[in-house]
Amino acid sequence: GQKSPKFGWWMGTVQIDPFNPGHILYGTGATIWGCDDGTNVDRNEPTHWNPRAQGLEETAVIDLASPPSGPHLFSGLGDVGGFRHDDINVAPPGGMMLNPLYNNIDGIDFAELAPGVMARVGRGGPGDKRGAYSTDGGKTWSPFATEPKGTRGSGYIAVASDGKTIVWSPSGLPPNVTHDHGATWTQATGFQNQLQVVADRVDPNRFYGFDSRSGTLYVSSNGATSFSAFSTGLPTGDARPRALPGVAGDLWLAAGKSLLHSIDGGKAFVDVANVSDVSTVGLG
């Protein structure tokens with residue numbers, strides 16, 4: 001027999017047009033459904049429903065990337081993976097990023113000086129492929145051939161400014177480095193747990209890794225081969241570093257109740273005045 005259509009989940013408010021009771025709308029976790037013949041139920045006749053929203057999805061923005069050339073924006077989203085946005089005024093005609101298609105993209109990055117090179121990590125893809133790279137600005141993607149030993153989750157991804165090094169810090173694991181698009185991985189030394197890793201946007205050998213549990217910033221100046229502690233006593237919790245394009249060693253840390261700024265590669269931070277509530281920062 002016929003299967004009943006799926007009319008969404010996380011259903012919320014229902015609205016009936018006061019001037020036209022046959023016109024009904026209701027919201028879900030996916031879209032807004034509507035019909036124009038809702039009064040058919042009074043005559044025991046079928047009603048007809050279809051999505052009434054264009055580009056509307058209940059989701060969470062997990063990560064964003066805006067390269068200096070090419071597409072305006074790449075989005076990493078919950079439930080619907082993410083998109084390459086060549087035109088931010090229209091829904092991406094190619095749909096979600098593929099190969100692999102993720103439920104969640106947890107991290108996406110590009111090479112600042114060679115923005116055609118990109119990498120992303122996520123969850124819910126076919127065959128449990130949790131990482132992928134692109135060399136054509138996100139037009140096409142290829143899963144990493146291998147994963148760091150012990151990988152069980154997505155974590156954080158960072159691409160060197162020249163695109164020759166990718167650093168993946170999978171959930172619960174130290175940073176791992178590849179120079180061959182994931183054919184081989186080498187674990188960084190100097191730290192045994194997961195770090196939130198970002199690349200310096202100028203110096204291809206420099207990476208920053210923040211340990212949100214201890215409030216310690218680790219820095220690598222040898223292409224993430226090894227990390228060493230530079231700054232301690234920084235805020236703990238959900239604090240994420242960001243490096244400024246065009247200026248080597250310029251680093252920002254969104255730390256909940258404060259915004260911290262370093263101009264010496266993370267040796268010293270200054271608390272930015274008049275900022276008291278910040279969860280993330282974007283730099284263009």
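Reader: Hi! Which residue in β3 is the bridge partner of L25?

Author: Hello! In β3, L25 has G34 as its bridge partner. Please keep in mind that this is a predicted model.

Reader: Thanks. And which residue in β3 is the bridge partner of I24?

Author: For I24, the partner in β3 is C35. Both pairs belong to the contact between strand β2 (residues 24-27) and strand β3 (residues 32-35), where four bridges join the two.

Reader: Do those strands run parallel or antiparallel?

Author: β2 and β3 run antiparallel. A hairpin takes the chain from β2 to β3 through four residues.

Reader: What holds strands of a sheet together, in general?

Author: Strands of a sheet pair through backbone hydrogen bonds.

Reader: What is the order of the strands in the open sheet?

Author: Four strands make up the open sheet, in the order β1-β2-β3-β4, with antiparallel pairing. Its edge strands are β1 (14-16) and β4, each of which pairs on one side only. From one strand to the next, the twist averages 20 degrees.

Reader: Nice, I can picture that. New topic: how many salt bridges does the structure hold?

Author: There are ten salt bridges in the structure. One of them links D36 and R52, with the closest N and O atoms 2.9 Å apart. D36 sits in the loop between β3 and β4, and R52 in the loop between β4 and β5 (61-65), so the pair ties together parts that are 16 residues apart in sequence.

Reader: How accessible is R52?

Author: R52 counts as partly exposed, because its relative accessibility is 33%.

Reader: What does D106 form a salt bridge with?

Author: D106 forms one with R123, and the closest N and O atoms are 2.7 Å apart. D106 lies in strand β8 (residues 104-111) and R123 in strand β9 (residues 114-123), so this pair ties together parts that are 17 residues apart in sequence. D106 counts as buried at 13% relative accessibility, while R123 counts as partly exposed at 43%.

Reader: And which side chain does R201 meet in a salt bridge?

Author: The side chain of E112, at 3.1 Å from N to O. R201 lies in the loop between β16 (196-199) and β17 (207-211), and E112 in the loop between β8 and β9, so the pair ties together parts that are 89 residues apart in sequence.

Reader: Is R201 buried or exposed? What about E112, buried or exposed?

Author: R201 is buried, with a relative accessible area of 8%. E112 is buried too, at 13%.

Reader: Which residues are linked in a network of salt bridges?

Author: D63, R240 and R242 are linked that way.

Reader: Last one, then. Where is the place of S262?

Author: S262 belongs to strand β22 (residues 259-262). S262 is buried, with a relative accessible area of 0%.

Reader: What lies 2.9 Å from a polar atom of its side chain, S262 that is?

Author: The backbone nitrogen of G266 lies 2.9 Å from a polar atom of the S262 side chain, and the backbone oxygen of A268 lies 2.9 Å from one as well. Leaving aside residues up to four places away in sequence, S262 touches G249, D250, L251, K267, A268 and F269.

Key:
Residues are numbered from 1 along each chain as its sequence is written. This is a predicted model: local features need pLDDT of at least 70, side-chain atom pairs count only at pLDDT 80 or more; totals for chains, interfaces and linings use all residues. Side-chain values use heavy atoms; hydrogens and water are left out. Buried means under 20% relative accessible area, exposed over 50%, partly exposed in between (1.4 Å probe, protein chains only). A polar contact is a pair of N or O atoms within 3.5 Å; within protein, one must be able to donate a hydrogen and the other to accept it, and residues adjacent in sequence count only if both atoms are side-chain atoms. Contact means heavy atoms within 4.5 Å. Two strands pair if DSSP finds at least two bridges between them. A salt bridge is a side-chain nitrogen of Lys or Arg within 4 Å of a carboxyl oxygen of Asp or Glu. Axes are lines fitted to C-alpha atoms, for helices over the stretch in contact, and angles run from 0 to 180 degrees between N-to-C directions.
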